[in-house]
Amino acid sequence: MGSLAQFSIEQVWHWLSEVPDPEIPVISLADLGIVRDIAWDHDTLVVTVTPTYTGCPATTVINLDIERALRERGVEKIRLERRLAPPWTTDWISREGREKLRVYGIAPPVDGTAADGRLMARVNSLSGASNLRISCPRCGSIHTEKVSQFGSTPCKASYRCGDCLEPFDYFKCI
Amino acid sequence: MATSVNPSFLLEFLLRTGDNALILGHRVSQWCGHSPVLEEDIALANTALDLIGETQLWLGLAGEVEGKGRTADSLAYLRDAAEFRNVLLVERPNGDFGQTLMRQFLFDVWHFELLTALQESSNARIAEISAKVLKEVSYHLERSADLIIRLGDGSAESHRHMQSALDDLWAYTGELFLTDVGDDALAEAGIAPAPASLKPKWEATVSRVLGEATLRRPTDNYIHKGGKRGVHTEHLGYILAEMQFLQRAYPGAIW
């Protein structure tokens with residue numbers, strides 16, 4: 001009995017929705033939006049994954065985790081493919097994933113605010129009219145300020161809350 | 001898809017692009033644990049990580065195009081200085097924090113314009129890598145431009161450091177725009193923009209930011225060049241001695 005007859009694509013999506021991101025274990029690889037396609041190529045299950053950041057050290061671990069999760073469920077032949085285009089964007093993080101991030105203490109991304117090299121961050125800060133209102137994931141205050149655009153991992157920025165005074169991570173847009 | 005271009009020109013372009021990211025990435029990584037404040041230490045490490053990630057894509061493709069079984073790793077760790085194709089700017093010593101930032105800014109503006117143009121490459125692989133990397137480089141540019149302005153238009157001390165860094169590095173920027181016969185062939189085929197074509201936009205952004213930073217743009221047009229064709233300063237040898245040590249001492253080591 002080959003794998004083909006045993007597992008539906010929907011079943012495999014469900015399994016991958018249970019595989020946690022190695023860096024932020026409260027969200028799954030499916031929540032993150034990095035699994036782009038799942039298909040059978042004869043008796044081989046082909047999982048297409050797109051990287052978050054080019055240098056993200058979690059990429060290798062993610063591939064290993066996917067393979068392990070599928071093998072544990074009895075899939076024998078697996079091929080992982082990398083797809084770069086279209087490039088991953090935080091817009092693909094699921095609604096549930098965003099809520100899980102917030103509960104975990106990471107402010108979820110505000111769509112449409114990725115850096116575009118037009119130096120708008122500078123213009124906004126000079127005019128005092130930042131388009132970014134990041135609410136504190138702990139107390140909900142919007143009196144927050146950016147400490148650094150580069151945080152504990154490439155995908156996060158560092159913020160501080162002006163009310164509860166706690167520092168927190170913001171999952172920045174790309 | 002242009003197929004008529006000499007493959008050695010394409011390989012040369014991929015090595016140049018990959019080596020620029022690799023050598024600057026290694027240089028920036030040398031700051032890890034040494035920068036003036038924790039946030040900047042983290043920002044520098046993240047920038048270095050992005051650049052090394054980018055390197056893997058370009059050198060990986062270079063290995064495929066060459067077709068001799070070389071990988072991103074073997075290209076990074078097993079070539080000697082004369083085989084590297086990065087511009088001299090990225091091998092400049094880190095100097096003080098101001099010099100590192102100024103080098104990053106002058107490079108980021110160029111990098112941003114190059115990748116923006118490459119998104120339209122007739123080579124689909126090049127276009128998709130560029131679209132991916134551009135997202136990360138946009139953050140690099142916003143950070144370095146912001147800091148150039150804050151430090152240039154900061155205290156007398158920070159202004160002096162930034163002006164001195166600019167004066168030192170200026171003669172190394174011209175090489176980014178030198179165009180040779182291979183560059184012309186790639187431009188003709190729509191694979192990559194002629195380097196000289198990136199100069200007007202680079203000039204515009206650099207002038208605008210330097211103006212806001214109250215820094216004086218040097219007027220000397222002398223160009224230090226050679227890296228693009230493998231003629232490097234002594235600094236590259238020291239970088240490679242450190243970066244390649246493990247693979248040289250323990251050939252084929254894996255972890």
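How are α4(B) and α6(B) oriented to each other? In this predicted model, helix α4 of chain B spans residues 97–118 and helix α6 of chain B spans residues 156–169. Their axes come within 9 Å and cross at roughly 55°. Because angles of 65 to 115 degrees count as roughly perpendicular and those under 35 degrees as roughly parallel, α4(B) and α6(B) are oblique to each other. The crossing of the two helices, α4(B) and α6(B), is right-handed. On the α4(B) side, the residues that meet α6(B) are Gly98(B), Gln99(B), Met102(B), Arg103(B) and Leu106(B); their counterparts in α6(B) are His161(B), Met162(B), Ala165(B), Leu166(B), Asp168(B) and Leu169(B). By class, the contact of α4(B) with α6(B) comprises 6 nonpolar, 3 polar and 2 charged residues.

Helix α4(B) also packs against helix α8 of chain B, residues 199–212. Here the axes are 9 Å apart and the angle is about 140°. Since only angles over 145 degrees count as roughly antiparallel, α4(B) is oblique to α8(B). The crossing of α4(B) with α8(B) is right-handed. From α4(B), the contact draws on Leu106(B), Val109(B), Trp110(B) and Glu113(B), while α8(B) supplies Lys201(B), Trp202(B), Thr205(B) and Val206(B). The residues in the contact of α4(B) with α8(B) are 5 nonpolar, 1 polar and 2 charged. Leu106(B) takes part in the contact with α6(B) and in the contact with α8(B).

Chain A is assigned two domains, with domain 1 covering residues 3–82 and domain 2 covering residues 90–171. In the contact between them, 11 residues of domain 1 of chain A meet 12 residues of domain 2 of chain A. The side of domain 1 of chain A that touches domain 2 of chain A consists of 6 nonpolar, 3 polar and 2 charged residues.

One sheet of chain A is open and has 3 strands in the order β1-β2-β3, with mixed pairing. Strands β1 (35–41) and β3 (78–82) of chain A are at the edges with a single partner strand each, so one side of each has no neighbour in the sheet. From one strand to the next, the twist averages 20°. Helix α4 of chain A, residues 58–72, lies across β2 and β3 of chain A and runs at about 155° to β3(A).

A further open sheet of chain A contains 4 strands in the order β4-β7-β6-β5, again with mixed pairing. Its edges are formed by β4 (106–107) and β5 of chain A; each has a single partner strand, so one side of each lacks a neighbour in the sheet. Strand β5(A) pairs with strand β6 of chain A, residues 156–161, in the antiparallel sense over 4 bridges. Lys146(A) has Tyr159(A) in β6(A) as its bridge partner.

The contact between the chains involves 21 residues from chain A and 26 residues from chain B. On the side of chain A that touches chain B, the elements giving two or more residues are α6 (120–127) and β5 (144–148) of chain A. This side of chain A includes 12 nonpolar, 7 polar and 2 charged residues. Strand β5 of chain A is thus named both as an edge strand of its sheet and as an element of the side that touches chain B.

Definitions and conventions:
Residues numbered from 1 in each chain as written. Chains lettered and ligands numbered in written order. Predicted model: local features only at pLDDT ≥ 70, side-chain atom pairs only at ≥ 80, totals over all residues. Axes fitted to C-alpha atoms, helices over the stretch in contact; angles between N-to-C directions. Left-handed = near helix turned anticlockwise from the far one by under 90°. Contact = placed C-beta atoms within 7 Å. Nonpolar A, V, L, I, M, F, W, Y, C, P; charged D, E, K, R; others polar. Domains from an automatic or database assignment. Pairing = 2+ DSSP bridges.
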